[in-house]
Structure formats: structure tokens, C-alpha cells
Amino acid sequence: MSAALLLERVSYRYPEATAPALRDVDLRVARGEFVVVAGGSGSGKSTLLRAASGLVPHFHGGEFSGRLESGGLDTRTHEPAQIAAVAGTLFQDPETQVVMGTVRAELAFPLENRGLGPAAVARGVEEAALALGIAPLLDRATHVLSGGELQRVALGAALAGRPRLALLDEPTSQLDPVAGDELLGVLRRLNEEWGTAVILAEHRLERCLSAADRVVALRDGAIACDADPRRFLDWAAEQAPELQTPGARLFSLAGRRPLPVSVKDARRTLSAQAAPDALGSIAGLGADDRSPAGSIAGLGGDGRSPSRSIAGLGGDGRSPSGSTVGGLRHRRRKPRPEPALAFSSVWLEHRDGPAVLRGVDLAFAAGERVALMGRNGAGKSTLLRVAAGLAEPTRGKLHRAGRVGLLLQNPGDYTLRDRVGDELPADALDAAGLDHLADRHPRDLSGGERQRLALAIVLHGERPAVVCLDEPTRGMDRFHKDALAALLDALAHHGSAVIVATHDAEFAAAFAGRTVLLGDGRPVADAPTAEVLAGGWYFATQTARILGGAALLPEDGAALLRREAVVA
Amino acid sequence: MIYERRASPLHATRAAVASAWCVIVAGVALSFEHPLVLCGLLSALVIAAAGARVAGRVLLALAFALPFAVVIALINPLVVRDGLTVIARLGTVPVLGRLDVTAEATAYGGVLALRALVVIGCFALHSAAVDPDDLLRAFRRVSFRSALTAALATRMIPVLARDARRLHDAQRCLAGAPAPRRAVVRAVAAGALDRAVDVAATLEVRGYGAARRAPRGGRRPWSRHDLAFAAGAAAIALLGLAAYAGDWEAFEAYPALSAPVDARLLVLTAGLAACMLLPFADRRGIGR
């Protein structure tokens, strides 16, 4: 039986590139296999997927050697449009991947391109829409969809007609944790029930490792590791710590083995290794999954810890950083200084459309580091846009102590010139550590460099009282996330309030002292990050889920585990 | 300018026919120079836009195009030396040399501006009233490269419009005055190639152009509006060809301006307008 994907000594270099993007790659993916492709930024993950879809070399040109068969079709003799009949492809940027005017037309497009009749197209559209939960969007125009919705529609178009092979480049990068988990569930179902081979490139490995049969790690365009998830984690612990999942890092730091592939795996291991009397002391390791660090009502947990419960059940969420949020009463402290940014009963209602913000009351102090979380469409981006003055509230008041700088999702939007050196004065470039790139074109920078440049442009001039960032870690590897967290930390130390809208609980835990969870346009939780991210099902770090909320980060969790081991 | 389905005869027409109708009107505008013909075409175009319920959008596009047309009208008399009637002597200018503005060059600048407005109006009407999805399907059956080019042309407008909006928003987030609009437009234009590559790659991996034949059972019967606009487009093309071949238009800009209005020209102008507007008269079956 032919493989779903076969690469034999495949090397590829983009036109005018000095180094190859793929080097002597040998890979065989069997039908029905679920393979995760891991690697840092620029390691060759996207190029591998583009080669599998036939775009490399037909579309991009360059030098290609070796042999690649995708769904049994040799990419040297078959065009990408022919390969599309057996392989569905999804790239990172959903904006350019939706080519039709309505969602229904978008899902029908690949099926029509195969020459299917109207009945088969209609059935394929319905199936794809139901599988991805986008049936309510079918008759919506694509230009009004949010980034997350676009991503799901693009994925639906890639998977419509049940391809033998699904090639997915960070399909969850725009999705909230709930939608991301749902999507992975769909992929697993596709894989298990339909036998679709899935090749998934992803930075957030903790999301998808448990579904994978194999993990292929790339480094500088070559395969550095090709193993099952557990052996991959062992390899990563020794050779590539930046690719470790938080759970594996927690175990590594605590000296525990075997490294866990999933939360369930980790909890089972810890339960088995813990002494009976030590079991209860590490939160949540017991059979009843109690969550002593609290729970976020409505999102998960049993809400049995009233003193630490957070959500807005029964509360109106009107008193954000101060007193009451949804029934959680904080002790009143000394009068607070003037906030750097304050929303007072702020509403934003679209004409002939929904209310996106509903009576938001929030205040942010100077130097505060805040993560803004919530599902897609909860109002995070809109809140930041209102803060920066890009959108006007229809009701309510907004107080700004000074300038509000906003870094939107695409850092490339801040660069208008052909030279990095023309974007900023030399001293500002120097301060951002980008002076050595002054003669490069902004589009030629790596993702991390482009983001640093965009942030430096936003910060240039009058020092902002508030710095807002919208999904800054999308598509970032851990190395770049750590660098960004350090940069934001420095900003906060210099007195700016830093607010980051993110779906990335791990980043929020590493960076933020306070987390605001938005739901349906209003804060449903507003508390120290340790409380908000400790007890939820979705809005929680992997470490918190493993340890039942006793710690958020692997380092803290490992210290806890080591302590428990000593006690035991 | 993004397509939205509205209850109008042009929207109810299959995209290939509606697109051909717009392209033929633009082609006729590029083939004639007489101001009466061009004014007739422009007027008919605006009425047609009203018939398609997109007059506001087309007028907005024309308003945006007006400065561009004015620039054309102003530049022509400065760079063209032809014409016998000097209306201003501007002396000697470095690089350009001696500048004598003639009435003929000025008038012809107006003709070029008018022509540009008609062509831009046609493409505005095309963007607002021709379903790009349907057009994409129609082009799928012709050569892949031309189909891809057409698809990109229809898809790039909304993508670039979104890019421009995002870039503009990003500029508003910065300290100090935001970058001028032309800098944003330039950046969007500079990024257009990258975006076109992304969109083209997506079309490829969705299998665009793989099926040369129409899907089984996928042929749609021709509606009354398909037939009416096809007949209208054919009539406009034939009338234009006849007038061009028969030299009905006796317009001369140089050396002396001559724009006689005779019966044949009036027939041409009225005929073109009638052929453009008659298909809009039938309002039956124009809803979704």
C-alpha cells in the first residue's frame, strides 16, 4: 500500500536563498497516521508542508532535489491543483486563504474544482460545516468574519471532501483554547474514523501531542528527531529544551520519569509515584479532581471553593481591579493612585449589529502586567481598540493617563518603508537591539525581529502610559515568547501598564500578574493570574491542570514536586 | 468596494455575462473620443448603477477618481506641444522647455479625463454588481493562467482593502501625526505582490483549474437577464464596431479642435445609452 506521504532525500532551496530550507529529508507517513511536525521558527516546518502540497517547487520555484509523493502523486509530475484532490492544505494566515465571498461558496469551492456535481458538493459543504461547527456561518459573507472564524472556514475548505492527507500549518494559532481543543478533536475524529493522515505543524505542542502517533522535529531544514511522542519528549529534554511541553518540562525539572505526553498521563504517573499521605497534599491529584486553587465558574471546576472562586456568577462584574468581581470580594486597600487606563460602564454597540462590549468597568494601574483572555469574539481585541482610540465607545467613559500604544496582530502593518533604518531613528533602533538590521527590508525580517521592530515603532516618541498587544505570541516559538515576556516586563518596570490579549495561557502565566477573562463583552473574571489560570479547564496552563492548580509554571510546579518528594 | 448581492437585473445576471457587459462598455469608452459619446456613456453608466442599486458606490468611486482625472486634464496641455490655438504662454521651464498651452491640448486633456472616469466607473460597477465567486467559477473552465489572473484581480481588491484598513489603524496607534495616506497606499501597493502570491497559492491548493469541465449537472439555464445583458453587450459591441469602421465619429483634437455633432453621432450616443439601459428595464426575477 502506498504511503500517504513519502519523501526521499528531499532538499529544497528557495530562489535567491543562501541556505536550503529542507536538507535531505527522508520521511514516510502511513495512511491514517497522525504526525506532528515540531521545530523552532524558520526550522522548515512550513516549507515541508508546502512541498507536500506541491507548491514547492511548482509555485515557489527554487532548487528541488529528491522525490516526494503526496497521496500517491509525485509532486514532480503533478501540479498543486491535482494534488489538492488528495491533500487538503491549510496555511498560517487565514486572511489570504479565504477566496470566496460567502462561507458556503468557500466550502463548495474545492469540491466544485474537482468536478463534483451539485448534490455531492452540497453534502460535502454540510458535512464540513457540521464537523467544524461553522454551520451557523454558512450564509455569512467572508469579509465580516473574525480571524478565528476565518481560520475555521479555511480549515473547512481544506478538509471538505475528506482528503486522504491533511497538511495543516498551525491551524489553532488564531483560536481560543476551547475552539483549539474542539478543532483537535475534529482532526482526531477525521484521523480515526475516516483514516485521513494528518500532518500538523504546531508550536504549542502541549495541545496536540496526545493525539499524535509520531513527532517529527526539524532543525535547520533537516529531521532532528522522528519518534513517538514519549521518545520525542525524552529527546527534547536532552537536545531541544525549547520544544518541551510544559508538562514534560515540569517532570524534567522535578526529576520525574517518564515524561508525560498528556495531562492525564502526568496525573496518572504522579498518582502512581506519590506516597499515600503525600497524595492529598499536591492539589488535585486525587481521584475527584478537586481544584483547591479555585475554579472559574462556567468554565470548569466544581466551584466548591468559595473563597477562591472567581467567575461572575451572580455578580455584575462592575468592580474590576478593586473590589468585587462576580461575587469575589477583595479587601479594600488604601486609595489607589490614578489609573493609567480606566473603563467606566463602556459599551460598544455596532449599528445594525451586536453589542461587542457590554458595560465594561476595568481599571489598570501604571506598571501593571495584565493578560486579557476569553474565547474568540469575547471582545478582547475590541477592548484594546477602544483603549487605543481606534474605536469609540457608544456609551460610558474612558480615562487615559497618557498615550496608549497598541501593537495589532500583524506587526508588518507598522512598517511602511523599504529599509528598517528608515522606520526609526538610529538611537531607537539601537535601544531595540535592531541596529544591525538597519539596511534590511522589514519584510525580510524574521517574525520575532519584525515584532520587535513594530513594538519599537509603537513605543517611539512620547512614552506610552499604556502598552496594549493583541495576540503577540501567535506563531511564536518558546524562545521568542520568553524574549517578548522579558521585554514587556521591562516596559512595566518603567511604569507603563502592559495589557496583552492572548489565548496563550502559558504566556499569560509567565508574564501577567493579573488576568481579566472576558465573556460576551464583559469581564467575567478579574483576579491575580495565579487564581484565574489555576482552576479552569480551558483557561489554565498545562502545569496547573496537572497539579490541580497548585502551580502555574513548570518551575514552580517542579519545586512543589521536589518538596513533596522530600516530605514523602 | 466589496460585492453584495442586491435585487437588481445586473446582480441577477450570470457573472460572465455581467462582466463582459462592463468590459465592453469600458472598451467602447476607450475606442471613442468625442465628448458627447463619452458624456453619454458616463451618464448611462450612472443611471445603470442606479438601476443596479449601487449608484452610491459608483459615485463614490468616481469622486475618488476625480482628482486623478483632473491631474490627467492638467498634465496633457503641459506636455503636449500640438494644437494651433495658444491660450497661454508660460515661458521656458527647465526640462520641459518652452511651455505654450493650447486650447486643443487642454480640450483633449478633458477628453482623456472623461474617458478615465468612464473606465473607472465601469470597474466600480463591476466590483459592486458582478459576483466574484460566480466569475471565479466561470473562469475555471478557460486556461488556468488567465483564470488565475482574473481570479487574483477579483480577489485582491478585498484583500488589499483589508490591508489598507489595518495599516491605517496601525498608523493611528503611533505617537505623533499618522503617516500620510499616500505612504499607506504605497505600502499596500508594495505588499500587493506578496499578497497576490499568497492568494494564488491558496487557489492552487484548493484545486482551482484542475477540473476543466463543468461539474456534472452544474450547468445553469440562461435566465431572462442573462439573455438581456448578453444581447445588450453584443449590441453595444456591434454598434461600436459599426461606428468605428464607418467613421461615424469625426472628432479631431489636433491641429485644430473639431467636434462636429451630426445625426450619426447622435444615433451612436443614443444607441449606446439605450443598449446599456434597456436590460435594466426588466425587473422580474431579480431577487435572490
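Let me start with a pair of strands in chain A. Strand β9, residues 214–219, and strand β10, residues 222–227, pair in the antiparallel sense over five bridges. Within that pairing, A:V215 stands opposite A:A227 in β10(A). The two strands form a hairpin with two residues between them, and A:D220 in the turn has a positive phi of about 50°. Before I go on, please keep in mind that this is a predicted model.

Now chain A as a whole. Its secondary structure comes to 21 helices and 21 strands. Of its 568 residues, 58% count as buried. If we take the contacts in chain A with a separation of 6 or more, 65% of them are between residues 24 or more positions apart.

One helix to look at here is α17(A). The helix runs over residues 478–493, which is 16 residues. From its first C-alpha to its last it reaches 22 Å, close to the 22 Å expected at 1.5 Å a residue. Which residues of α17(A) are buried? They are A:R478, A:H480, A:K481, A:L484, A:A485, A:L487, A:L488, A:L491 and A:A492. The elements covering them include the strands β15 (369–374), β18 (466–470) and β19 (497–501), together with the helices α16 and α18 (505–511), each in chain A. Just after the helix, A:G495 takes a positive phi of about 105°.

The peptide bond from A:V56 to A:P57 is cis, with omega near 10°. A:P57 is found in helix α2, residues 55–58. The other site is A:E531, in helix α19, residues 529–532. Is A:E531 buried or exposed? There are 22 other C-beta atoms within 10 Å of A:E531, so this glutamate is buried; the cut-off for buried is 20 or more. The C-alpha atoms of A:E531 and A:E392 are separated by 32 Å, and the two residues are 139 apart along the chain.

Next, where the chains meet. In chain A, 43 residues are in contact with 42 residues of chain B. On the chain A side, the elements that give two or more residues are α3 (80–83), α4 (103–113), β17 (404–407) and α16 (447–459). Of these, α4(A) gives the most, with five residues. By class, this side has 22 nonpolar, 14 polar and seven charged residues.

On to chain B. Its secondary structure comes to nine helices and two strands, in the order α-α-α-β-β-α-α-α-α-α-α along the sequence. The C-alpha atoms fill a box of roughly 65 × 60 × 35 Å along the principal axes. Buried residues make up 42% of the 288 residues. The chain is divided into domain 1 (9–137 + 223–282) and domain 2 (141–210). The C-alpha centres of these two domains of chain B lie 27 Å apart.

The helix I want to show in chain B is α8, residues 224–245. It has 22 residues and reaches 31 Å from first C-alpha to last, close to the 32 Å expected at 1.5 Å a residue. Its buried residues are B:H225, B:A228, B:F229, B:G232, B:A233, B:I236, B:G240 and B:A243. As background, an α-helix has 3.6 residues a turn, so residues three or four places apart point the same way. The buried residues of α8(B) pack against α1 (15–31) and α9 (263–277) of chain B. The face turned away from the buried side carries the exposed residues B:L238, B:L241 and B:A245.

Following α8(B) comes B:D247, with a positive phi near 55°. B:D247 is found in the loop between α8 and α9 of chain B, and it counts as exposed because it has 8 C-beta neighbours inside 10 Å. That loop also holds B:P255, and the peptide bond joining B:Y254 and B:P255 is cis, with omega about -5°.

Last, B:R53. This residue is not a glycine, yet it has a positive phi of about 60°. B:R53 lies in the loop between α2 (35–51) and α3 (55–79) of chain B. With 18 other C-beta atoms within 10 Å, B:R53 is partly exposed. For context, most residues other than glycine have a negative phi, and most peptide bonds are trans.

Notes: Residues are numbered from 1 along each chain as its sequence is written. Chains are lettered from A and ligands numbered from 1 in the order in which they are written. This is a predicted model: local features need pLDDT of at least 70, side-chain atom pairs count only at pLDDT 80 or more; totals for chains, interfaces and linings use all residues. Helices (H or I, at least four residues) and strands (E, at least two) are DSSP runs, numbered from the N terminus. A residue is buried if 20 or more other C-beta atoms lie within 10 Å of its own, exposed if 12 or fewer, and partly exposed in between; C-beta atoms are placed from the backbone. Two residues are in contact if their C-beta atoms, placed from the backbone, lie within 7 Å. Ala, Val, Leu, Ile, Met, Phe, Trp, Tyr, Cys and Pro count as nonpolar, Asp, Glu, Lys and Arg as charged, and the others, Gly among them, as polar. The expected span of a helix is 1.5 Å times one less than its number of residues. Domain bounds come from an automatic or database domain assignment. Two strands pair if DSSP finds at least two bridges between them.
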